[in-house]
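Subject: Structure for you to look at

Dear colleague,

Here is the structure I said I would pass on. My notes on it follow below.

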Amino acid sequence: MMAQHKAALRCGLQGRAEELEQPGYMVIDLADDVRRDIVRLSSIARRYFDLPEPEQGANALPFGCGHWTYGFEHSGIPDSPDRVSFFGASIRTATLADRLPTPLARELHRRLLGVFSTFEVMAEDLMVGLASRCGLADAAALRGGLRRWSMIQISRTLPTPAGDPIYHEHEDGHLLSFAQANGLGLEISTAGAYRRAPYSPASILVMPGELMRLLTGGRVAPLYHRVRAVPRKRPRLALLFFADLDPDLCAPWVDGLADKAGCAAHVLSNAARFGMPCFTQEDPDPGGDLSDQLPTGNPPGYDINGIRTDNSGLCAFLLRIEGRSSSRLRSLFAIVPIRPLRSWVRLPSRSYW
């Protein structure tokens, strides 16, 4: 059944690769079995993200996998982190994930890799289709080149006022990015202006990145995008798959913008642009010391709710309480004279995600 499913994907997507040149992105409707896998994955992710933060934080893995709390990842602006925490998975961390202390984290990693396998086939088809269009004689030889260099993550937003950025404008830098979410918020830049991205819970959006531009000699442009908060009653969950190519296979399909060494260097350094650790040629030693590859606590200046912690004394305490308070506590704060604090600190609202 899985082989038939992969064959069906291959027949359909390889011929659609031209859509990444014009209009510059692609919408793929998901098969029912893939949709069911994502629904199950999202259910486990919700339960995982509801765990106490210290328990989540104990499940970090190398290469930006496992649990990474708010404040480490950014969209190119280090002082304005992406307003999410996320859990990532890659083929390289499969063995390490078996040793994670939290059962839900182990299950989440396993489910993510299940969806990874499906998305990997889709990305391979699109890559081979585009490489063929660019004149690469043996494009099929690229198959298998995404497996060790790609990753998948599911993120949950922090409380964010409607209209404020969750992710600032950026392009991901990868070969391809797949995006699927349980609600609106993603916007893409086309014809020089931002507009709401095509959205359906039954589809994914495929976005080319800088590596694709380098390999195609500029025939495919990276898609710039951003995410802004919209009024919601539940946190936004986003599933993201980042496909990159083995540096050893990164010879350009069209000459002109970069050579093989330049493309390979991009793969090996791209994640650092966003504050995250990069893949290396070597896999982590399962029995070795990984402490230098893992996050430690919250980044300086922020707590887990995305509130700056460089306020002192009573002010900081009240800010944290208000950010987490129930409606009853909010009524109490309505009569406590801390409202002037809003003039210099933006407080998250539970009404928007």
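A residue is called buried here if its relative accessible area is under 20%, and exposed if that area is over 50%. Please keep in mind that this is a predicted model.

By that cut-off, helix 5 is mostly covered, with 22 of its 31 residues buried. The helix runs over residues 103-133 and spans 45 Å between its first C-alpha and its last, close to the 45 Å expected at 1.5 Å a residue. Just past its end, glycine 135 has a positive phi of about 95 degrees.

Helix 5 packs with helix 2 (residues 32-49); their axes lie 10 Å apart, at an angle of about 155 degrees. Angles over 145 degrees count as roughly antiparallel, so helix 2 is placed in that class relative to helix 5. The crossing of these two helices is left-handed. On the helix 2 side, the contact is made by Val34, Asp37, Ile38, Arg40, Leu41, Ile44, Ala45, Arg47 and Tyr48. Helix 5 contributes Leu104, Ala105, Glu107, Leu108, Arg111, Leu112, Val115, Thr118 and Phe119.

Helix 7 covers residues 260-269, and Cys263, Ala264, His266 and Val267 are buried in it. Viewed down the axis of helix 7, the buried residues fall within an arc of 155 degrees, so they line one face of the helix. Their packing partner is helix 6 (210-215).

The remaining notes concern backbone geometry in loops.

Glutamine 22 and proline 23 are joined by a cis peptide bond, with omega of about 20 degrees. Proline 23 sits in the loop between helix 1 (2-13) and strand 1 (26-29).

Phenylalanine 63 is not a glycine, yet has a positive phi of about 60 degrees. This residue belongs to the loop between strand 2 (60-61) and strand 3 (65-68). Is phenylalanine 63 buried or exposed? With a relative accessible area of 5%, phenylalanine 63 is buried.

Alanine 191, also a residue other than glycine, has a positive phi near 55 degrees. Its place is the loop between strand 8 (186-190) and strand 9 (193-196). The relative accessible area of alanine 191 is 86%, so this residue counts as exposed.

Regards

Conventions. Residues numbered from 1 in each chain as written. Predicted model: local features only at pLDDT ≥ 70, side-chain atom pairs only at ≥ 80, totals over all residues. Heavy atoms only, no water. Helix = DSSP H or I, 4+ residues; strand = E, 2+ residues; numbered from the N terminus. Expected span 1.5 Å × (residues − 1). Buried < 20%, exposed > 50% of the residue type's maximum accessible area, 1.4 Å probe, protein only. Arc of directions from axis to C-beta. Contact = heavy atoms within 4.5 Å. Axes fitted to C-alpha atoms, helices over the stretch in contact; angles between N-to-C directions. Parallel < 35°, antiparallel > 145°, perpendicular 65-115°, else oblique. Left-handed = near helix turned anticlockwise from the far one by under 90°.
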